[in-house]
Amino acid sequence: MLRAGLCPGLTQDVVQPLRGRGIRTVVDLVSADLEEVAQKCGLSYKALVALRRVLLAQFSAFPFNGADLYEELKTSTAILSTGIGSLDKLLDAGLYTGEVTEIVGGPGSGKTQVCLCVAANVAYSLQQKVLYIDSNGGLTASRILQLLQARTPDEEEQAGALQRIQVVHAFDIFQMLDVLQDLRGAVAQQVTNHMIRDRDSGKLKPALGRSWSFVPSTRIVVALSEGAGTPCSQRTVCLTKSSRLPTGVQEMVDIGTWATPELNPVLQEDQIGPCC
């Protein structure tokens, strides 16, 4: 809406005759025939041209090229390490702000434990705040404390990390939406999803359907590691969706000790089975 003081040169003496001719908004003025407007309103044509240039510069969107957008992305994106070396490699260095990373797996696969490890590392090592949304009541402070005790014996550091982890219980969709609406700024989002069996093929697949599959930027599948002598805390993690890395890559992750075993960067399928 045109009003006095909206930009330099737009005074009340200019606004009143413009409104008298039905020119009330910025769009009306910049799209009008200025010669005709100048004659009907008794205003200076040069002054109207200058006024339109100022309004266009102040309110128009300017085009950006790919290089500009890439530079903006680099300055606005942060990468948060998960604290697990092989998992960071699979995720191209960690969790990216502005993106959703999905962890998929069956019951007992270690999805929750991975989330706890990430939360503990972000709160302790990176000293950043964490919002942990618990949807099934399975989170306890003692589980996170055990992870922190494995990293530092200092009780003050443990308490400081715990204070940076805020836990919210959301047991229905309405509570979940209320929590998500309060999120502001650039955050790295990590969610978990169950595996279900396809009704037609009988194969396991992520739940929530096809529409949801387009939401996560990155998806990893966590599965129990098989083989004689394999520690019960080791999991096979497979990258099945990524906008940066080739999919199908697998890593072994030790979710029990907040560390990773020394393994080759890419494991062969005949060693750990096919990727989900």
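User: What makes Cys117 count as buried or exposed in this model?

Analyst: The model is predicted. Cys117 has a relative accessible area of 0%. Buried means under 20%. Cys117 is therefore buried.

User: How do you know whether the sulfur of Cys117 is bonded to the closest cysteine sulfur?

Analyst: By distance. The closest cysteine sulfur is in Cys115, 9.3 Å away. A disulfide needs the two sulfur atoms within 2.5 Å. So the gap is too far for a bond.

User: How many disulfides does the whole structure hold?

Analyst: The search finds 0.

User: Which residues form the negative surface patch?

Analyst: Asp154, Glu155, Glu156 and Glu157. Of these, Glu155 sits in helix H9, residues 155-163.

User: Why is Glu155 called exposed?

Analyst: Its relative accessibility is 63%. Exposed means over 50%. So Glu155 counts as exposed.

User: What makes up the nonpolar surface patch?

Analyst: Leu131, Ile173, Phe174, Leu177, Leu180 and Leu183 make it, with an area of about 550 Å². Helix H10, residues 173-181, gives the largest share, 4 residues. Leu180 lies in that helix, H10.

User: Why is Leu180 called partly exposed?

Analyst: Leu180 has 39% relative accessibility. Under 20% would be buried and over 50% exposed; partly exposed is in between. Leu180 therefore counts as partly exposed.

User: How do you know how accessible Ala93 is?

Analyst: Its relative accessible area is 42%. That falls between the cut-offs of 20% and 50%. So Ala93 is partly exposed.

User: What is the phi of Gln127, and where is this residue placed?

Analyst: Phi of Gln127 is near 55°, a positive value in a residue other than glycine. Gln127 is in the loop between helix H7 (111-124) and strand S4 (130-134).

User: What puts Gln127 in its accessibility class?

Analyst: Gln127 has 55% relative accessibility. The class of exposed residues starts over 50%. Gln127 therefore counts as exposed.

Note on methods
Residues are numbered from 1 along each chain as its sequence is written. This is a predicted model: local features need pLDDT of at least 70, side-chain atom pairs count only at pLDDT 80 or more; totals for chains, interfaces and linings use all residues. Side-chain values use heavy atoms; hydrogens and water are left out. Buried means under 20% relative accessible area, exposed over 50%, partly exposed in between (1.4 Å probe, protein chains only). Patches are made of residues with over 30% relative accessible area and no salt bridge: like charges are joined within 9 Å, nonpolar side chains (Val, Leu, Ile, Met, Phe, Trp, Tyr) within 5 Å. Accessible areas come from the Shrake-Rupley method with a 1.4 Å probe; for residues, only the protein chains shown count as cover. A salt bridge is a side-chain nitrogen of Lys or Arg within 4 Å of a carboxyl oxygen of Asp or Glu. Lys and Arg count as positive and Asp and Glu as negative; His and the chain ends are not counted. The place of a charge is taken as NZ of Lys, CZ of Arg, CG of Asp or CD of Glu. Helices (H or I, at least four residues) and strands (E, at least two) are DSSP runs, numbered from the N terminus.
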